[in-house]
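Biologist: I'm new to this one. Could you walk me through how to read it?
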Amino acid sequence: MNRNESMPIIESALAERPRNGSLLLLSFDAWDVPLLIGWNQVRREGGSLLDEIPSTRVWYRNNDDEQQQILVCTYACDSRLDAGDALASVLDSDQLARLERGPKDIGEVSFQHPPGVAPAILFTRANICVSVASAGGIDADVTSAAYELDAGIGSYPQKSKPGSLSLDIVPRTRSTYEVLVTPQSPPRNDFYQFWCGSGELSYAQNMVQLKFGSGERAEGPVYVFQRTSEPREIPLVASALIPSPAVGG
Amino acid sequence: MPLFVQTITFNIDANPASSALNMRENYANAIVTPEYSRGVRSEPALYARDPVVAAGNAVRLDVTFTGGPAGATVPIRAVAAPGTILGAIPATPVTFDGAGNAAIQFALNPGWTAGTGVTRQQVTWTWEYDPGGGFQNFDTTYHIIFVVLAVPSAPWTQAAGSNQLPWASALQWACVFANGTTTTLAATTAMANGINGSGARYQTLTVFGTVNYNLTGFLAAIGTAFAMNCTDCANAVTTLSNLLGATTIEGRFNNMTTNAILGIGGVAGTAADWRIWNWAYHEICWLAFNPTSVIWDAAARLANPAPPANILPANMPFTTIPPSPADYLPRLISAGPATLAAAGTRRPVV
């Protein structure tokens, strides 16, 4: 599906921010997401297969039928808009001239193969672009896997292990803040989840940024989670996030 | 201490006329020289037929020995079974130092010709020396030898240290699919047939990458139930053929409606497997990326002239001047511009 056909749909869908706040995941790996009861993870591959975007690929085989395989590819982008751009690139690698819109409750925008074609669902959630494709000898249902993955991306970590995170928010301009996290890079097989009730989280120049649009008002705290550590909710007082004319340009 | 072959170096220098080529095990792991080290390793070696034949079959290799007769010179040879790709090693005087060690460069006569085909062979050399009174067996060594038709072309390189050096893991399959082929055109056709019959099933979404080619993943998938689309097939045919010395290239053409075609993995006798597709693009392997080049398409078989009779497009003209109904394009599509992309590509392997 050509980018010039998919991109207007994606941009339109992402123009509206999620009602439940902004989510950003760093160092996200697909295999960190617990999913797919009845499926066995048979292979996982890291690397960069799409415009240098860090990607992970995980193959699952059905426990009851080895002919059924699902390939899950995730692309960890710098922002939700970048994830939309990655989705257009993935769609560009699909031979089909047109894909259908996916279920409305999967991702922030999703597409799927029409009936009669080897199943696939492609979607974005926060800054993550995901494709879930039947990739075995016979068709496999990918819808339930897509739901599980989507829920897994948005869920907060449950593991309990002492961690050592600190969080600081530094205003840079009237509408942009930098979110400083220590340590900067999560350990291997770990990732950070950032969540804020308002604004737009993104990753740029090795920094997590929180931006507010014109007329927006900061509400609520920013949280950072480290998956394999005790969730440390580091609330920031709302007043600290309200853009001030006195700060920067 | 008994006499032993201590090391054998096949990749002695950068000259493909007399030396094995630079190669690696796979994306992650390099192959070090000497390829054979007694009790430590026996790595494969890769030769390119054409430069060796052109230079008069003067392959050389470096061998070291331990445990020989101190200060003596004795003839050493290696006997091989008939048909061994590297041939036997002729008897050559070897002089040992006071500690019984020796190093020598042997000249081989593999006897290759322009008719020698793509080969993967386990070579067994029975080493003999003559202390006076006749040759005696003192050691046996085993080696995996690959022979390709010419020095591998892009994305493969001979740049030392590159992870794009020819991979032994890829040569294993390339030599299965194109075993015995003697020309690069025949090797590419065999590759297209091999990929089409690899057990993969058609999926319209690219599985193994569009910027880089996830050859590691493809090699791991062969032999399992897996799926590929046209880009994956073009990647496989082009990359593995070029590993054998071809110079093919992957290229797209855009926007078309196909005739009823049999996607990879389809069953010719099953009517439902003959499908008409509306494609945003199709990608195939080209000899050169232009409209009159011959092409290979491992992703789809075409009706010949009607299902279930079919043909795999291999070494088939994309179009000819004047156009012919036997050309690939009119057999593949019924409508659409099928506009060629601006350029072809040879994707780096990962």
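Biologist: Let's start with the open sheet of four strands in chain B: what order do the strands have?

Modeller: Keep in mind that this is a predicted model. To read a sheet, follow which strand pairs with which. Here the order is β15-β14-β18-β19, and the pairing is antiparallel. The edges are β15 (274-275) and β19 (310-311) of chain B, each pairing on one side only.

Biologist: How many bridges join β14 and β15 of chain B?

Modeller: Two bridges, with β14 covering residues 261-263 of chain B. Look across that pair and you'll find B:I261 opposite B:R275 of β15.

Biologist: Now a helix. What does α2 of chain A reach from its first C-alpha to its last?

Modeller: For a helix, compare the span with what its residue count would give. α2 of chain A (residues 80-92) has 13 residues and spans 18 Å, close to the 18 Å expected. Its buried residues include A:R80, A:G84, A:L87 and A:L91.

Biologist: Back in chain B, why does B:Y328 count as buried?

Modeller: Buried means under 20% relative accessible area. B:Y328 counts as buried because its relative accessibility is 0%. You'll find B:Y328 in helix α6 (residues 328-332) of chain B.

Biologist: Which residues is B:Y328 in contact with, leaving aside its neighbours within four places in sequence?

Modeller: Among them are B:F253, B:I284, B:L302, B:P313 and B:F318. B:H282 is in contact too, and its side chain makes a polar contact with the side chain of B:Y328 at 3.2 Å.

Biologist: And what separates the C-alpha atoms of B:Y328 and B:G39?

Modeller: A distance of 54 Å, for two residues that are 289 residues apart along the chain.

Terms used: Residues numbered from 1 in each chain as written. Chains lettered and ligands numbered in written order. Predicted model: local features only at pLDDT ≥ 70, side-chain atom pairs only at ≥ 80, totals over all residues. Heavy atoms only, no water. Pairing = 2+ DSSP bridges. Expected span 1.5 Å × (residues − 1). Buried < 20%, exposed > 50% of the residue type's maximum accessible area, 1.4 Å probe, protein only. Contact = heavy atoms within 4.5 Å. Polar contact = N/O pair within 3.5 Å; in protein donor to acceptor, adjacent residues only side chain to side chain.
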